[in-house]
Amino acid sequence: MVTDHYVMQPFSNFMNLKILLLVHAIFNASHNVCGGVLTGLSGSITSPDYPENYPNNAECHWVIQATSNSVIKLIFVDFQMENDEQCNFDYVAIFDGPTMGDPLLSHYCGNVKPPEVVSSVHELLVVFKSDFNIAGRGFKAYFFSGMDRILYLYISVLISHLHKRFPSVNFVSACQEVYTAVKGNFSSPQYPNSYPNNIRCHWTIQLPLGYRIKVFFLDLDLEGRNSLTDGCDYDHLAVFDGGTEKASLLGKWCGRETLSPIISSRNKLLLVLHTDRNTANRGFSLALFTLIYLCQVAFLS
């Protein structure tokens, strides 16, 4: 029996080694998985292991898909990668479509946070790639969808034209928008970074007759109430039950609040953000859905 046990031991050790190697390979494979198809109204993308250093020899592909006739907005809130003048080593590349054969919108590396990116179609590809050495913290970005493509492009051209004619005026391009998609989301300018001072933004949600609009507040962080009047006299967000500020006021908020969803009584809703000359906070983010009313019964679209 002793001899048999001695003969079997090398075989047992060999099998244990194979199992350990297999487990190690499976763990590494699952640990380094990144990329995928993202279809939510909003979300975030981070490099592998963020905020720890990303691994070497990694390549990740994220395809963001919005509803047709919508565009996608990508906002970087943190960015720290290996620096190279041509960005040939570690980089993030963004394509205006779902494949690397689509137009390249931008290509970034180093420590400078990239500017806001907006697609011209309803799909956006984000590619992260690292080489064999020198890693950094990586990146974190938020994406938002649901903005009408043609209207957004029109507003962008208009704002660009106004900038050329009036260079000293601070126009905020993502501050006057009309949404016609049945689902979507939007946020205050520069969210989740602090919004600008001295702005007045209008977001109009306009749908066909027979629809109503339900708004879910995901985040609200504005300047607080006036300590003397206890009112939202400084920075505030107001929602009107129609297409103009003459419509019924559904609510006016400031500070940090957790808000219940609101529902319009018709097919239009107006949101107005007002900020004063000082004290800027994170702002707000919200998602909208439509309610179809047939025979007095509401169905969530």
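**Disulfides and aromatic pairs**

Cys87 is buried, with a relative accessible area of 10%. Buried here means under 20% relative accessible area, exposed means over 50%, and partly exposed lies in between (1.4 Å probe, protein chains only). The model is predicted, so local features need pLDDT of at least 70 and side-chain atom pairs count only at pLDDT 80 or more, while totals for chains, interfaces and linings use all residues. Residues are numbered from 1 along each chain as its sequence is written, and side-chain values use heavy atoms, with hydrogens and water left out.

Cys87 forms a disulfide with Cys109. The two sulfur atoms are 2.1 Å apart, and a disulfide is a pair of cysteine sulfur atoms within 2.5 Å. The link of Cys87 and Cys109 is left-handed, with -80° about the S-S bond. This pair links distant parts of the chain, 22 residues apart. Cys87 sits in the loop between strand S4 (70-80) and strand S5 (91-95). Cys109 sits in the loop between strand S6 (104-108) and strand S7 (117-118). Helices (H or I, at least four residues) and strands (E, at least two) are DSSP runs, numbered from the N terminus. Cys109 also counts as buried, at 11% relative accessibility.

A search of the whole structure finds three disulfides. One of them joins Cys34 and Cys60, with sulfur atoms 1.8 Å apart. The link of Cys34 and Cys60 is left-handed, at -90° about the S-S bond. Cys34 lies in the loop between helix H1 (2-31) and strand S1 (36-38), and Cys60 lies in strand S3 (residues 59-65), so the pair ties together parts that are 26 residues apart in sequence. Cys34 is partly exposed, with a relative accessible area of 23%. Cys60, in contrast, is buried, at 0%.

Another disulfide joins Cys232 to Cys254, with an S to S distance of 2.2 Å. The torsion about the S-S bond of Cys232 and Cys254 is about -70°, so this disulfide is left-handed. Cys232 lies in the loop between strand S13 (211-221) and strand S14 (236-240), and Cys254 in the loop between strand S15 (249-253) and strand S16 (262-263), so the pair ties together parts that are 22 residues apart in sequence. Cys232 and Cys254 are both buried.

Aromatic contacts were searched next. The whole structure holds ten aromatic pairs. Among them, Phe76 and Tyr108 have ring centres 6.4 Å apart and planes at 70°, so the pair is edge-to-face. Rings of Phe, Tyr and Trp (its six-membered ring) pair if their centres lie within 6.5 Å; planes under 30 degrees apart count as stacked, over 60 as edge-to-face and the rest as tilted. Phe76 in strand S4 and Tyr108 in strand S6 are 32 residues apart, and their pair links distant parts of the chain. Both Phe76 and Tyr108 are buried.

Trp203 and Phe284 form an aromatic pair that is edge-to-face. Their rings are 5.3 Å centre to centre, with 90° between the planes. Trp203 lies in strand S12 (residues 200-206) and Phe284 in strand S18 (residues 283-294), so the pair ties together parts that are 81 residues apart in sequence. Trp203 counts as buried, at 0% relative accessibility. Phe284 is buried too, with a relative accessible area of 0%.

Ring pairs also build a cluster. Its members are Tyr54, Trp62, Phe76, Phe79, Tyr108, Phe128 and Phe139.
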